[in-house]
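Here are some short notes on this entry, meant to be read with the structure open.

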Amino acid sequence: SERTQEAYLYAVYRLAKHYKRPPDQITDREVQDYILHLMNERRVAWSTCNQIVCGVKFFFLTTLGRASTSLAIPPRKSEQRLPEILSTQELERLFSVVTNIKHLTLLKTLYATGLRVSEAVQLKLTDIDGDRMTLRVEQGKGRKDRYAALSPRLLKDLRDYWRAYRPRTWLFTGQPPERHLPAGTAYVIYVRAKLKAGIKKDGGIHALRHAFATHMLEAGVDLRTLQELLGHRSIATTQRYLHVTRKSFGAPGNP
């Protein structure tokens, strides 16, 4: 995918910058030392280190054809942190501080549909079906098409946004307008709004997807339906949200 290509290129770029040499002149041992440096000294997340290893492996094995290259990364620890879920009050604060209608509509779309940011920024006007109340997600994660639910409230917000901006192809246009808004720009929009709203909880723009999933379960949506809406390949991934719903701790006010 385009995002994987960018991640792999950036991994090789970081490696070359670290040693201040062209990447094809860096030895396997130096690469291994670099990965250990990231993990032990820089405290880079395991998932990020794993992505860097994958990118560097691709460069050496596929691009350079260096068959002798062998890189390893320590196995991931079994502990996994649960996401901090935004409350409805925090979401209201978040939306209230955003004055740009395009930015506001983007954030509302992410929360109301549970789309990944890469999927939301690539929505086209033709993906909106007001009659069937669906949003078509074309070639989402895993190269799969699917449909997301479109609520009447979000449909109204999208129509108001269209009347203000008149996008032609992409729902959320970038610069130039012939391109869609970059995912990185969407991330910056969220972070700025979060800081302005005074929200202290950890997490980036993916927190809106977490909030969607958790609030849907709390509203009574079954796990199998939520799996389809989120586009999860395995229901085990969706089951993580069972651990962060209020239902897991009983009704409000109960011990």
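1. How much space lies in the second largest pocket? In this predicted model, the second largest pocket holds about 320 Å³ of space.

2. The lining of that pocket draws at least two residues from each of helix H4 (88-96), helix H5 (101-113) and helix H7 (152-165). H4 gives the largest share, with four residues. The lining residues include Thr88, Leu91, Glu92 and Phe95. Also among them are Lys108, Tyr111 and Ala112, as well as Ser151, Arg153, Leu154 and Asp157.

3. By residue class, the lining of the second largest pocket has five nonpolar, four charged and two polar residues.

4. On confidence, the protein has a mean pLDDT of 87, with 90% of its residues at 70 or more. The stretch 249-255 has pLDDT below 50, and in the model this stretch makes three contacts beyond near neighbours in sequence. Where pLDDT is low, predicted coordinates should not be read in detail.

5. A separate point concerns tyrosine 19. Tyrosine 19 belongs to helix H1, which spans residues 2-19. Which residues does tyrosine 19 contact, leaving aside its neighbours within four places in sequence? The contacts are with Ile26, Glu30, Val31, Asp33 and Tyr34. For tyrosine 34, which lies 15 residues from tyrosine 19 along the chain, the separation between the two C-alpha atoms is 8.9 Å.

Conventions. Residues numbered from 1 in each chain as written. Predicted model: local features only at pLDDT ≥ 70, side-chain atom pairs only at ≥ 80, totals over all residues. Heavy atoms only, no water. 1 Å grid on protein atoms, 1.4 Å probe; cavity = no way out; pocket = protein on both sides within 12 Å on 5 of 7 lines; lining within 4 Å. Points joined across faces, edges and corners; volume = space filled by probe spheres on them. Nonpolar A, V, L, I, M, F, W, Y, C, P; charged D, E, K, R; others polar. pLDDT = per-residue confidence, 0-100. Contact = heavy atoms within 4.5 Å.
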